[in-house]
Amino acid sequence: GIVYWDNTGGANSVITGAMPARDTAIVDPPTWLTGLPAGWSVDARLPSTGFFAAGMWPADQWKTAPGSVIIAHGANATSRMVLFANNPLYRADPEREWPMVATAAYWAHN
């Protein structure tokens, strides 16, 4: 399906900073993060309402998805990491997600 996501990291986010305040993503299967390590930053969430744009969505997941984290980044003592709950390179379709993957790789490496 296609979902809307909110750039909760805003302009200062190292991952989603260049993205609009609200954008779309292709999700197959639809997934999200249910918890994060302490000190991690949330870059994107599904909106609390009206997150579903088009396609098919498992009916049993409507109640748990709203407001959930879909992109986050953080570090531990030895490395930097970025988590995308969904595959941002799915079918090579999502044009604005490629820059986020490149930014994530660059940030995690430096």
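1. Ser13 is buried in this predicted model. Its relative accessible area is 9%. That is under the 20% cut-off, so the label "buried" applies. Ser13 sits in the loop between β1 and β2.

2. What does the side chain of Ser13 contact? The partner is the side chain of Asp43, in a polar contact at 2.5 Å.

3. Now the strands that flank this loop. β1 covers residues 2–6 and runs antiparallel to β2, with five bridges joining the two. Within this pairing, Trp5 of β1 faces Asp23 of β2.

4. β1 also pairs with β4, residues 52–54. Here two bridges make the link, and the strands again run antiparallel. Ile2 has Ala54 as its bridge partner in β4.

5. How many cavities of 30 Å³ or more does the structure hold? There is one. The volume of the largest cavity is about 100 Å³. Its lining counts 13 residues. Closest to the centre are Ala25, Ile70, Ile71, Asn86 and Glu97.

6. Which elements give two or more residues to that lining? They are β2 (22–26), β5 (69–75) and α1 (97–109).

7. Glu97, one of the residues closest to the cavity centre, counts as charged.

Terms used: Residues are numbered from 1 along each chain as its sequence is written. This is a predicted model: local features need pLDDT of at least 70, side-chain atom pairs count only at pLDDT 80 or more; totals for chains, interfaces and linings use all residues. Side-chain values use heavy atoms; hydrogens and water are left out. On a 1 Å grid over the protein atoms alone, a cavity is a set of points where a 1.4 Å probe fits but cannot get out, and a pocket is an open set with protein on both sides within 12 Å along at least five of seven lines; lining residues have an atom within 4 Å of a point. Grid points are joined across faces, edges and corners, and a volume is the space filled by probe spheres set on the points. Helices (H or I, at least four residues) and strands (E, at least two) are DSSP runs, numbered from the N terminus. Two strands pair if DSSP finds at least two bridges between them. Buried means under 20% relative accessible area, exposed over 50%, partly exposed in between (1.4 Å probe, protein chains only). A polar contact is a pair of N or O atoms within 3.5 Å; within protein, one must be able to donate a hydrogen and the other to accept it, and residues adjacent in sequence count only if both atoms are side-chain atoms.
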